[in-house]
Amino acid sequence: MEQYFTLNEDLKQMLESSKDSAKLDAMKRIVGMIAKGKNASELFPAVVKNVASKNIEIKKLVYVYLMRYAEEQQDLALLSISTFQRALKDPNQLIRASALRVLSSIRVPIIVPIMMLAIKEASSDLSPYVRKNAAHAIQKLYSLDPEQKEMLIEVIEKLLKDRSTLVAGSVVMAFEEVCPDRIDLIHKNYRKLCNLLVDVEEWGQVVIIHMLTRYARTQFVSPWKTDDDVVEEYNENNFYESDGEQKEKDRNVKKTYTMDPDHRLLLRNTKPLLQSRNAAVVMAVAQLYWHLAPKSEAGIVSKSLVRLLRSNREVQYIVLQNIATMSIQRKGMFEPYLKSFYVRSTDPTMIKTLKLEILTNLANEANISTLLREFQTYVKSQDKQFAAATIQAIGRCATNITEVTDTCLNGLVCLLSNRDETVVAESVVVIKKLLQTQPAHHGEIIKHMAKLLDNITVPVARASILWLIGEYCERVPKIAPDVLRKTAKSFTNEDDLVKLQILNLGAKLYLTNSKQTKLLTQYVLNLGKYDQSYDIRDRTRFIRQLIVPNEKSGALSKYAKKIFLAQKPAPLLESPFKDRDHFQLGTLSHTLNSRATGYLELSDWPDVAPDPAVRNVEVAESAKEWTAILGKTKKEKPTEKFYSESEEEEDESASTGATESESGSESEKEDKEEGSSDESSGSSSSSEESSDSESDSKESTAKKTSGAVKESNAEESKKKAKGISKNRNTSSSSDTESSSSEGSSSDSKSVSDSRSDSDSGKSGSATSSKKEEKTAQDRKTPSKQDVFLLDLDDFYPVTTPVAVPTAAVLSPSLTADLEGLSLSGSSVIDQVTTQVFVPTKTHEMLHRMTGKGLSAHYHFSRQPDMFGDHMVPVQVTVTNTTDQKIENIHIGEKKLPLGMRIHEFNPIECLEPGGSVTVSMGIDFCDSTQTASFQLCTKDDHFNVNIQPPVGELLLPVTMSEKDFKKEQGMLTGMNETSATIAVAPQNSTSLVIIEKVVKAANLGVVPSGQDNIHRFAAKTVHSGSLMLVTVELKESSTAQLIINTEKTVIGSVLLRELKPVLSQG
């Protein structure tokens, strides 16, 4: 521990060093610690000081650290928010992107307007890397504040028009997260996305393919209608028919259905991705072809999916699950690859059972003999679970293929002599199901199974044999009564499942052979009458009334024989994957076979295709003018064939659509070139930025499919690579020079830097506040000069005065600085008053059904200092609803979040039947609404219970004058203020009602006010003692402004959310 402590101290000293090399070394070690999974959160204050470093390498590593810990250390991250905002205008694209990522990682509702502005600006950035990060930030902002949806959709719409392959995947992901139902945004971008697909990064390809699958299902008509009628027949017979007949049928197919060119474009542009090295991309294309392609074309995915079976076991598991679903409906797709699904000895059980499932689905008359030989080997496997699954598979093959039913049955009977209990038990269960299909021929098998009853111990197998003997007792009249005699002896020691079948056997024999079995059956019924299980007792009473006639017997006893010996339908042995096809393949829902959160259903094909004109894109006039200004003359390049001649012949039906799409993609390529030249010219202002952007473009081109890249492009990229290396060398040398010069003059420049930074911060804040006013909807905020709380540059030792908030006291170290920010030293907070209102609402802690008759409820008594400082008092009422006394009720094991404590109540020695006791306990919630989980124990049992506090119960009311309130409120502005405008119900507009409603919802003290329309309330948080100031200002037209000022911004925003409905509802 000491070593760890000294290590961290060393790192802190290195971070405070004046040398950039020491800081850089420290940051590398810290990032290394994070990579190894070590906790480096206590270094946050030391690291965050370097966020304003002039050295770009240090800055990058600081942002990597901040991205990891900004969410945990929100209060400290908020202090440096002004630096992040300045970094959004940094000339280096990596810094701009990192700043946006950190800003979106600070998940505090109060900075939503700042995040919104940052995303809007970044979406128009020249660098595609920054635009990509803006798309990522959209999802974070949406999860933080869903009310921003409409404004975010505008940004998504703008980014969807982006031609950069770097941005495409990220913006489609944001689209899927925020507004997946707005397919109207995709219409104009559909063809562009199809053409860009090959060049997008792999993760983006997966997202885009899944989105386009959903889109296509809403815009195109089904290609399967003709397949069902004509093409299936055409495929089966075309081998034997003459060329003339084939052509004639081909014409018939074309007459009945013509594929939309855009539909064909999607299929053609996704086909090359089946060669992708990424398993997720191949799986995404496979599901697209399964859901969208004509059935005659879907077969091309099978080879690629079989190729994925060479991957690791996790990939194999997902792929095999999808193949299992496909192979039920279309066996022909995977029959050529039957041997690829043979089980290997090294496969894990989950893979083995899935391969077995596929082999069973693919079984037919032609290959069944090969499969049965394979299955014989599997039954001998040491993996018992797999051996049992094989026996089930043999049973399914026997029911599906009638030619081998007898062979399978004889094989399963042979397995009954196996030494392994699991194999024998599974064989019995499967034989029982098979015998139900044709019982008349198999009396000998039933006799053989009856003899095995003494040796088999597995309950399911014993129950199956007893059911068979009872069901066909008339075919084995001599054996059945003897079996009943033997099982009656062991009745009390049997499993419940077996007991039920013994009772059934007795009832059936009583009805068919009462002379021999009457006494035996009565004996068994008497045993069942006093059994521990109520199921057995219930069944016994039912059977006795039904088969033993007496005065009380109803009309049903006449039909007892028909009820017990009715003809049962044979069970269907079906694949567990039979009904999975209603989920989209390749999704989590399909894997789990249940609807997962966020799953988007595929819609049915429309009967009539919507207007395809919505996907037509007009050529922008401005683009033409721009090319004229640049004066770049482009030579028309001859169109090269991407696909082989055979593939083009396959696509003849959509030849017109193909030509259109090719010309469209060519024009897009030209536009893309213009865009890249434009970007490069815009970013040439800084050599570092240009080199970075070029390296990005180099990476993206390296990812492109080799077939799509032309030789001329390859030569150009070589030239660019040389240029990049030169730029890199020059920029690195200039970096070192600038860093050394900065190091020498850092002391002299520190004051002027801090001044200029604060001035620029002010001007930046003024413009951002103007934009906030425009964008925020129906939101009124008091005018402020400064949005930022603190400038990080001010943490350095400063001799000249700098404009900072009055609450902060600047000192050389960051920790002292942060202590200066807290208001705990204020005398006002110590004046705690008595509670204005004690809530009577109780919350259920333990239901009597869950607690086996013990119930518990709790409520918050709002009595200060009952259990010392920091504790929230809770009264728990424990009630005994049973007819027996409950002893030793106490708190057992506690599962509490870090820092949370519980002051336990004294154990209740005894609680009489129907009695109720109220006890008090204290919980230190650490100023959070996290749940306190613990066990409520009795002498015999323990029950898991939870207590979750409403945010209003984490406060203590405070008395203060109006003057003090305004003074404290003035110190808590900026980031410490949260406000909202609400519509107040008419009956809530009087002073008494407002006060009553607010103090009922939260434990606040009332501050006397000189104005009728303004109501003020004050409290402090129980744990840290931070002030919480609430103002309700009534406006005209039944509206009110609710303002909360506190250092605890998270609690403040939660309290605001809870008070809004209290005042707006009647």
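The chain has 42 helices and 15 strands, where helices (H or I, at least four residues) and strands (E, at least two) are DSSP runs numbered from the N terminus. This is a predicted model, in which local features need pLDDT of at least 70 and side-chain atom pairs count only at pLDDT 80 or more, while totals for chains, interfaces and linings use all residues. Residues are numbered from 1 along each chain as its sequence is written, and side-chain values use heavy atoms, with hydrogens and water left out. Of the 1066 residues of the chain, 48% count as buried (under 20% relative accessible area, with exposed over 50% and partly exposed in between; 1.4 Å probe, protein chains only). Among contacts (heavy atoms within 4.5 Å) with a separation of 6 or more, 68% join residues 24 or more positions apart.

**Nonpolar cores**

- The largest nonpolar core comprises 204 residues; such a core is a set of buried Ala, Val, Leu, Ile, Met, Phe, Trp, Tyr and Cys residues joined through side-chain atoms within 4.5 Å.
- Helix H17 (residues 279-292) supplies the largest share of this core, 10 residues.
- The residues with the most contacts inside the core are Ile30, Tyr65, Leu66, Leu305, Phe341, Phe375 and Ile547.
- Leaving aside residues up to four places away in sequence, Ile30 touches Leu11, Leu15, Ala40, Leu43, Val47 and Tyr65.
- Another core, of 56 residues, lies apart from the largest one and includes Ile902, Leu911, Val919 and Ile994.

**Packing of helices H23 and H24**

- Helix H23 (residues 405-415) packs against helix H24 (residues 421-437) at an angle of about 150°, and their axes are 9 Å apart; axes are lines fitted to C-alpha atoms, for helices over the stretch in contact, and angles run from 0 to 180 degrees between N-to-C directions.
- The crossing of H23 past H24 is left-handed, a term used if the near helix is turned anticlockwise from the far one by less than a right angle, with clockwise giving right-handed.
- From H23, Leu409, Leu412, Val413 and Leu415 meet Val423, Val424, Ser427, Val430, Ile431, Leu434 and Leu435 of H24.
- By class, this contact has 10 nonpolar residues, one polar and no charged residues; Ala, Val, Leu, Ile, Met, Phe, Trp, Tyr, Cys and Pro count as nonpolar, Asp, Glu, Lys and Arg as charged, and the others, Gly among them, as polar.

**A four-stranded sheet**

- Four strands form an open sheet in the order S6-S4-S8-S9, with antiparallel pairing; two strands pair if DSSP finds at least two bridges between them.
- Strands S6 (908-911) and S9 (942-947) each have a single partner strand, so one side of each is left without a neighbour in the sheet.
- From one strand to the next, the twist averages 35°.
- Strand S4 (residues 886-895) pairs with strand S8 (residues 932-937) over four antiparallel bridges, and Lys895 has Ser933 in S8 as its bridge partner.
- The antiparallel pairing of S4 with S6 runs over three bridges, and Glu887 stands opposite Cys910 in S6.

**Local burial**

- Helix H8 (residues 112-122) is mostly covered, with eight of its 11 residues buried.
- The buried residues of H8 are Val112, Ile114, Met115, Met116, Leu117, Ala118, Ile119 and Ala122.
- Ala52, in the loop between helix H3 (44-48) and helix H4 (56-69), is buried with a relative accessible area of 18%.
- Ala52 and Arg86 are 34 residues apart in sequence, and their C-alpha atoms are 9.4 Å apart in space.
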